[in-house]
Amino acid sequence: MLDQLDKLENDALAALATAHDNDVLEQWRIKYLGSKGAVKTAAPNMREVPAEQRSAVGQRFNEAKRTLEAAYEQRKSSLAGAAKAGPSYDVTEPGLPIGAGRRHILSRTIDEIIEVFARMGFTVAYGPEVEDERHNFVALNIPDDHPARDPIDNFYLEDDLLLRSQTSTVQIRTMEKTEPPLKIISIGRVYRPDTHDATHYSMFNQVEGLYVDRNVTMVGLKTTLFQFAQAYFGPEAEVRIRPSFFPFTEPSAEVDMKMKVKGQWQWVELGGCGMVDPNVFTAVGYDPEQWTGFAFGLGIERIAMRKYGIADIRWLYENDARFLRQF
Ligand code: DAH
């Protein structure tokens, strides 16, 4: 009798372990725990059990019944949990390709430019995009009535704040808190209310350079720009500077670089440069009799667009994956 109960319990547990869905589980319940199930059927008729075995058999029967009932409840709740957790997956199936991201072509251009200037000893300085008039204009020797300060050409905010229109602001911020000599570049966004078209956007990036030391000359400026062009655009690259005017440099020049545009070497106008105006030094508390310096500011989108044959500046800001994937 005890052997039969052992066998019933073992068989029932083994069968339960193969019940992977609710239908099979329900069949199992009917077969073993149902009102005409195997457990009921196995209930010993005590009158037929010898008196000295009655208590052992009774206990064993109750124990087997409780074990199977508990095992059933547990199985039921684990199936319900699995259903809630969603479908089960076939881990042997081949996977789906994951669309790997990549760095934006502008971010990569910025990294490359920083790397080239870093090799020439420039460290990177940062400044805020919301600026005051002192850093965007006044200390840069841009007078009150200068057209560059026109409300139509700037994003003025409240009080004397505006979105910076040039990264030259970082020249002032850096000199205010650093004693000369210094050699920095700064890269970041600038803002001008231009109407958007293929070559204009109301936000773009500039790389600003500033070198202050004793005996800095225009030759050093041209050499720096030339070395940058060679390192970045290749050994056939050249630099040309043309006389120009900026309030914060004297003399001032426009910078053109000869770079490969769609396989052809071409002159591309990239920005401005010059020798730091003594008034700028005075504004930040540097002695213009002791210190000399050069500065330059180049447009980054221009560089990237020409280098990679991008015809429309807006594409750089539309985040169209079909465009971005090409680089
Ligand atoms: N800030 C000028 C601009 O946005 C570019 C520039 C010209 C920067 C001459 C300079 C510089 O540092 O020396 O048009």
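Tutor: Welcome! Helices (H or I, at least four residues) and strands (E, at least two) are DSSP runs, numbered from the N terminus. The model we are looking at is predicted.

Student: Which strand holds P251?
Tutor: Here too we meet a cis bond, from E250 to P251, with omega near -5 degrees. P251 itself is placed within residues 249-261, which form strand β7.

Student: What is the phi of D159 near?
Tutor: D159 sits in the loop between α6 (133-136) and β3 (161-163). Most residues other than glycine have a negative phi. D159 is not glycine, yet its phi is positive, near 50 degrees.

Student: Is α1 roughly parallel or antiparallel to α4?
Tutor: Helix α1 (residues 2-17) and helix α4 (residues 54-84) pack with their axes 10 Å apart, at an angle of about 5 degrees. Angles under 35 degrees count as roughly parallel. Therefore α1 is, relative to α4, roughly parallel.

Student: How much of the ligand's own accessible area does the protein cover?
Tutor: The ligand is surrounded by 15 residues, and Q166 and E208 are among the closest. A polar side-chain atom of E208 lies 2.6 Å from a ligand oxygen atom. An N or O atom in the side chain of Q166 is 2.7 Å from a nitrogen atom of the ligand. Of the 360 Å² of accessible area that the ligand has on its own, the protein covers 91%.

Methods
Residues numbered from 1 in each chain as written. Predicted model: local features only at pLDDT ≥ 70, side-chain atom pairs only at ≥ 80, totals over all residues. Heavy atoms only, no water. Axes fitted to C-alpha atoms, helices over the stretch in contact; angles between N-to-C directions. Parallel < 35°, antiparallel > 145°, perpendicular 65-115°, else oblique. Near = heavy atom within 4 Å. Polar contact = N/O pair within 3.5 Å; in protein donor to acceptor, adjacent residues only side chain to side chain. Areas by Shrake-Rupley, 256 points an atom, 1.4 Å probe, with all protein chains shown as cover.
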